[in-house]
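Today I am opening a new page in my notebook and looking a few things up in a structure.

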Amino acid sequence: MDSTKLTIAPPLQLQPLNTAQQKHEEKKGKQQDKRDGPSLVAPPSRSSGRVRRSTTMQINGQTVLRQNNYSVTASSYIFDVRSEEAYDDRKPRPAKKTKIDLPQDRATRKPTPAQVARQRHNQAVMDSVRQKQVLRNRFFARGADILQPFCEHRVLKNLRSKTSLPATQIQPLSVAQPKMIAATLRDYQLRGLNFMIHMHRQNLAMILGDEMGLGKTLQTISLLCYLKEQENVTGPSLVIC
């Protein structure tokens with residue numbers, strides 16, 4: 001009689017899910033929560049599985065800090081006096097854009113005097129910039145060698161190409177103190193004013209590098225007064241000091 005051996009299968013062991021499978025299961029759970037509707041507690045997003053408690057809460061449709069949910073009595077503080085509303089993590093739908101019907105006569109509407117003055121002022125500034133463009137280019141072309149360590153090759157090439165422009169130069173002026181300035185400018189302040197005027201006549205920005213307390217703001221205001229008196233430059237000016 002042949003003897004037979006009985007083999008007992010080992011107990012079934014569950015293999016842990018890998019990272020991709022875990023992310024897939026979490027995604028399925030989130031989708032199921034969205035279909036079920038809003039919940040009071042946001043789904044956990046930590047690897048430890050602990051529930052994340054938000055620092056804010058919804059009360060009457062407004063988002064407030066959870067730590068501010070208290071009431072003050074005569075001798076104590078009472079926390080959690082208001083119940084939290086349902087937490088909805090679904091993204092709100094963007095509001096529909098409403099089409100605004102503009103008046104038909106807007107294109108033919110007559111501009112106001114203030115608009116006409118502003119357009120005239122802006123056009124005068126643009127014309128002045130175009131007229132001084134040659135002087136600006138000549139200034140940078142003369143200083144191409146000084147600017148070489150700070151510029152790219154193509155920028156230097158462009159600057160040196162402008163050396164063939166007409167040799168138009170302006171001589172520095174000796175401007176007296178503007179009449180709109182009630183104070184008396186010192187000699188170094190007048191030199192600073194003349195320097196800024198010389199740079200402005202070439203459509204160039206400038207830096208007035210005086211030390212604190214030597215009247216840089218006064219010199220800047222003097223430049224604005226000069227422009228209003230001598231060049232009839234109107235319009236508002238902004239001085240930040």
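**Before I start**

I am working with a predicted model, in which local features need pLDDT of at least 70, side-chain atom pairs count only at pLDDT 80 or more, and totals for chains, interfaces and linings use all residues. I number residues from 1 along each chain as its sequence is written, and my side-chain values use heavy atoms, with hydrogens and water left out.

**Entry: aromatic rings**

I began with Phe140, which counts as partly exposed at 27% relative accessibility. My scale calls a residue buried under 20% relative accessible area, exposed over 50% and partly exposed in between, with a 1.4 Å probe and protein chains only. Phe139 is partly exposed too, at 31%.

Then I looked for aromatic pairs and found 1 in the structure. Phe139 and Phe140 have ring centres 5.6 Å apart and planes at 85 degrees, so I noted the pair as edge-to-face. The rule takes rings of Phe, Tyr and Trp (its six-membered ring) with centres within 6.5 Å; planes under 30 degrees apart are stacked, over 60 edge-to-face, and the rest tilted.

**Entry: the hairpin**

I looked up the strands next. Strand β1 (residues 56–59) and strand β2 (residues 62–65) run antiparallel and are joined by 4 bridges. Two strands pair if DSSP finds at least two bridges between them. Strands (E, at least two residues) and helices (H or I, at least four) are DSSP runs, numbered from the N terminus. Thr56 has Leu65 in β2 as its bridge partner. The hairpin has 2 residues between the strands, and Asn60 takes a positive phi near 55 degrees.

**Entry: salt bridges**

How many salt bridges does the count come to? I got 3, with a salt bridge being a side-chain nitrogen of Lys or Arg within 4 Å of a carboxyl oxygen of Asp or Glu.

- Arg130 forms one with Asp127, with the closest N and O atoms 2.3 Å apart. Both lie in helix α2, 3 residues apart, about one turn of the helix. Arg130 is partly exposed at 48%, and Asp127 is partly exposed at 27%.
- Arg160 forms one with Asp145, with the closest N and O atoms 3.1 Å apart. This pair links distant parts of the chain, 15 residues apart: Arg160 is in helix α5 (residues 153–160) and Asp145 in helix α4 (residues 144–147). Arg160 is partly exposed at 36%, whereas Asp145 is exposed at 56%.
- Glu152 forms one with Arg154, with the closest N and O atoms 3.0 Å apart. Glu152 is partly exposed at 49%, whereas Arg154 is exposed at 60%.

**Entry: the largest pocket**

I finished with the largest pocket, which holds about 770 Å³ of space. On a 1 Å grid over the protein atoms alone, a pocket is an open set of points where a 1.4 Å probe fits, with protein on both sides within 12 Å along at least five of seven lines; lining residues have an atom within 4 Å of a point.

Which residues lie nearest the centre of the largest pocket? Of its 31 lining residues, they are His200, Leu223, Leu224, Leu227 and Val233. I saw that α2 (113–131), α6 (187–200) and α7 (216–230) each supply at least two residues of the lining. α7 gives the most, with 7 residues.

Technical notes:
Points joined across faces, edges and corners; volume = space filled by probe spheres on them.
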